[in-house]
Amino acid sequence: MFHSLEGRKWGSSDGAVSDRMRRMKPHWILLAAALGAGEVAVGDDLRIGLIGLDTSHVIAFTKVLNDPAQPGHVAGGRVVAAFKGGSPDVESSRTRVDDYTHQLQADFGVRICDTIGELCGQVDAVMLESVDGRPHLWQAIPVILAGKPLFIDKPMAGSLGDVLAIFDLAARHGVPVFSASSLRYGRHTQAVRQGAIGNVRRAETTSPYHVEPKHPDLFWYGIHGVESLFTVMGRGCVSVTRGTTADGLVEVTGAWEGGRIGIYRESKGYGGRAEGDHGAMDVGSYDGYAPLVAEVMGFFRTGIAPVAPEETVELFAFMEAADESKRRDGAPVALREIYERYGHQPKEGAELVSVRRIWDQAPHCAFTDLIRFRDEWICTFREGQGHVSPDGAIRVIGSKDGVDWASLARLTSEEADLRDPKLSIGPDGRLLLVAAAALHPPGPVRHQTMTWSSADGRVWEAPVPVGDPDHWLWRLTWHQGEAYGVGYRTAGGSGTRLYRSANGKFFGCLVSDLFSAGEGNEASLAFAPDGTGVCLLRRDGQPGSGQIGVAGPPYCEWQWKDLGVKIGGPKLLRLPDGRYVAGVRLYDGGARTSLAWVDPAAGTIEEFLRLPSGGDTSYPGLVWRDGLLWVSYYASHEGRTAIYLARVKLPPREPGDGGIAFVAPRGFRDDAGSYGSLLVSADGRRVSSASEWAARRREIRVAWDEFLGEWPPLLEAPRFEVLATAAREGLCQQRVRVPIAPDRAEEGWLLKPPGEGPFPAVLVPYYEPETSAGLNPANALRDFGYQLARRGFVTLSIGSPGGDARQPDPGRTDWQPLSFLGYVAANCLSALAGLPEVDAARIGVVGHSYGGKWALFAAALDARFACCVVSDPGIVWDESRPNVNYWEPWYLGREAGTTRRPGIVSEDNPRTGAYRRLVESGHDLHEVLALLAPRPFLVSGGAEDPPERWRALHRLVEVNEVLGFRRRVGYTHREGHAPTEESNDQIYAFLSWALQPCG
């Protein structure tokens with residue numbers, strides 16, 4: 001079929017603001033009349049204006065911009081005009097403004113304007129530099145009304161109220177504004193911001209601490225260190241406490257969400273250190289003004305602020321809270337209180353955490369994709385002379401931290417222009433690259449899709465032609481061990497086909513006419529755990545609006561909805577919480593690369609973040625990792641078409657808003673199978689109220705206690721014995737001994753996030769505690785205790801009593817081991833609840849497989865557990881599955897005087913113990929599940945808990961509805977028994993929702 005490719009050569013080489021505005025004096029409105037239209041900028045250089053000539057920054061910035069010989073020179077703009085300004089009641093302003101004004105005139109020929117309105121008529125953008133923050137609001141107003149992009153040097157204003165007023169006015173007039181200290185752009189500080197050490201758990205920064213009586217203490221000079229602190233910590237500060245060090249220096253401690261800690265400390269110099277998930281790094285250094293000026297120029301060109309207004313607002317609230325804490329003799333002050341003073345409600349929108357150019361070493365670099373492969377970031381894209389040129393080659397670059405990138409390989413062809421490379425990981429664990437070869441004429445074929453395979457991203461096997469000639473198979477998505485991709489016709493008319501492959505080398509056409517209502521083009525697929533397939537499709541021609549398609553297995557029948565907007569280069573990703581996010585080029589209101597929410601059911605796409613981009617731009621790659629969305633894309637907004645990497649923090653999904661965790665698998669929504677209703681009591685009465693359920697619940701519990709053996713009294717106030725303590729990546733790690741039963745104790749690992757709490761806590765039982773604590777590399781994806789501690793939970797990892805899961809000793813012949821394990825967990829809960837840093841009302845339990853059975857019975861038999869998550873334990877009887885083995889004597893099959901062989905129930909190896917009696921009397925585990933209501937419960941299902949398990953969960957949902965609760969029962973599914981990164985992300989998201997405080 002591919003004879004047209006014979007003889008062709010392929011190769012690779014290494015390679016409340018509004019209230020404040022209403023109170024303003026009306027004379028500011030009159031300033032609009034004084035604003036001249038100005039002259040149009042000549043050439044490529046932007047004309048820059050300065051306001052406030054009483055700081056050395058005006059000289060330093062002008063040198064960097066106007067003098068090509070200056071080290072760190074930033075091209076693209078020149079300072080051409082200035083407004084003198086000055087504050088007579090601030091000595092450092094009054095005594096310096098004339099000298100700096102004269103120097104700007106004499107050395108750089110800068111024109112001095114009499115009014116800010118006159119200045120705005122002469123420039124394209126403005127840098128507000130007044131050393132005094134108090135007049136910044138009034139100086140910003142005419143600039144904003146003139147529609148000029150505005151950078152405001154530190155401090156942005158003399159109060160948080162003025163900061164809010166500036167942002168409010170700018171938003172209402174659509175004018176871009178941002179503010180920052182040069183300390184934000186220290187090299188190591190930015191590396192941490194870009195993700196070099198992962199999520200930052202603790203940071204300390206220092207800077208000199210000079211005060212000016214007319215400003216809050218930190219505003220004047222401490223702001224530099226606070227800016228460094230917020231650069232590495234990001235948003236999320238909850239409260240601030242101000243104190244002093246042992247030698248009497250100022251120390252301000254911020255408590256961030258998730259138990260993270262950020263500290264600003266007075267010092268003679270600039271510095272600090274940040275500790276993250278993947279190591280530690282020095283931060284806070286001063287590395288000159290040029291990096292800040294470069295960011296300002298990029299901001300002027302794109303109109304996109306490199307620092308979100310919400311982050312700047314929080315930074316100023318932090319500093320005002322520090323002053324309030326000082327007035328209260330060091331008492332903690334919540335930022336919420338500071339916001340309430342100004343009638344401000346912080347926004348929970350997406351946050352552009354960082355963005356950086358990562359490659360520009362070819363005339364035209366474009367069409368990206370991104371993947372995380374074997375602890376390394378891999379990005380691929382096309383290099384060529386232009387957007388369309390015959391010399392296209394595929395570049396593959398890699399990075400361990402997302403900051404420093406190096407070339408890994410360059411794939412070339414003498415016979416074709418290689419275009420649009422896309423990455424995926426095949427079922428064999430190898431990296432798979434798919435791209436189109438635009439074959440050089442003459443020849444009967446214009447395009448042929450090819451795939452390359454590699455074990456490390458550096459050495460690539462020879463390409464394999466796939467799909468049909470002249471059908472561009474644009475991107476692959478793997479689902480249940482098979483690759484799916486949409487190919488669109490590139491010659492002889494329009495048409496799209498859905499292809500499928502088991503190995504990424506041989507593709508069959510699954511649907512020959514996937515979309516027929518127009519010119520289908522590039523497409524991206526995503527699959528939900530219940531098997532639903534979603535397709536985001538670009539459509540060309542007229543109408544040229546994008547499409548969203550939905551289909552269930554076997555994906556032969558698709559339902560399409562029109563998005564009503566033109567899109568390009570689509571990448572669709574389903575997040576662990578069930579939301580669909582897309583990276584696309586949008587054409588309405590100017591070309592740009594954007595992130596958007598996609599609702600397949602409603603057929604809508606909603607832009608929520610425009611990335612710094614413009615001109616020739618699009619083709620993003622998306623990866624969800626460490627709670628952030630990583631985005632590769634290309635753009636030409638800075639002149640040269642280059643590759644960029646952005647990291648975006650998404651707002652949390654509102655709990656209970658229909659996320660996939662609370663949706664029944666396809667085909668099982670109203671199916672309870674053979675599981676009888678739990679809302680009928682033993683005497684046949686129907687339960688229809690919460691009070692009636694309380695009696696029915698007691699009835700179920702008493703019945704099961706008769707089978708399992710009733711618990712003895714719980715231990716009174718058990719306490720941990722700490723055997724060893726160590727610091728571990730910002731966490732406190734303790735080897736502890738915990739009482740589990742009278743005269744019995746077991747060792748485990750207690751992990752605590754930094755801070756005083758109180759934190760939510762999670763008990764994590766497993767065969768041995770090292771796996772759950774992340775100390776067993778062989779079971780990396782079972783490290784629930786460690787991962788949750790990183791996310792702000794106190795966790796206790798425990799193992800089988802006595803060290804052998806198959807030989808538990810309850811100490812009583814009438815007590816089943818699985819009930820004994822629940823009793824052990826209950827005593828561990830009591831010990832956790834006794835810790836001062838733990839909120840006793842927010843303790844959950846999570847376990848995988850054996851640990852999942854343990855967690856299920858713990859939470860069912862002790863209502864103090866606030867929630868329960870089980871990972872593929874088998875939640876009902878199933879004698880066809882050897883791992884759903886409740887019949888074993890170490891679970892429910894214990895029987896005095898009987899020794900049962902391990903293995904599936906059979907005629908010569910029959911049921912024993914409580915399990916036999918339960919099965920013979922018609923009981924099943926859905927009764928145990930009912931004891932969990934109305935607490936949140938998630939089943940992370942795999943091989944042992946496939947989608948049909950929802951039949952049992954359906955009965956639990958009915959109980960919750962009688963109690964007045966919806967969306968309390970969650971189910972997700974993966975292939976196989978072992979946890980995956982996605983299934984774990986869903987677990988962590990669920991626990992964060994279930995155990996974190998509301999509001």
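The model is predicted, so local features need pLDDT of at least 70 and side-chain atom pairs count only at pLDDT 80 or more, while totals for chains, interfaces and linings use all residues. Residues are numbered from 1 along each chain as its sequence is written, and side-chain values use heavy atoms, with hydrogens and water left out.

Let's start with the strands, which are DSSP runs of E with at least two residues, numbered from the N terminus. Two of them pair if DSSP finds at least two bridges between them.

| Strand pair | Sense and bridges | Glycine with positive phi |
|---|---|---|
| S32 and S33 | antiparallel, six bridges | Gly578, about 100° |
| S33 and S34 | antiparallel, seven bridges | Gly589, near 75° |

Leu572 has Ala582 of S33 as its bridge partner, and Tyr580 has Val598 of S34. Seven of the seven residues of S33 (residues 580-586) are buried, so the strand is largely enclosed by the rest of the structure. Buried here means under 20% relative accessible area (1.4 Å probe, protein chains only).

Lys571 sits in S32 (residues 567-574). Although Lys571 is buried, it has no salt bridge, and the nearest side chain of opposite charge, Asp369, is 5.5 Å away. A salt bridge requires a side-chain nitrogen of Lys or Arg within 4 Å of a carboxyl oxygen of Asp or Glu.

As for the cysteines, the structure has zero disulfides (pairs of cysteine sulfur atoms within 2.5 Å). For Cys867, the nearest cysteine sulfur belongs to Cys868, 7.4 Å away. Cys867 is buried at 1% relative accessibility, and Cys237 is buried too, at 9%.

Conventions
Buried means under 20% relative accessible area, exposed over 50%, partly exposed in between (1.4 Å probe, protein chains only). Helices (H or I, at least four residues) and strands (E, at least two) are DSSP runs, numbered from the N terminus. Lys and Arg count as positive and Asp and Glu as negative; His and the chain ends are not counted.
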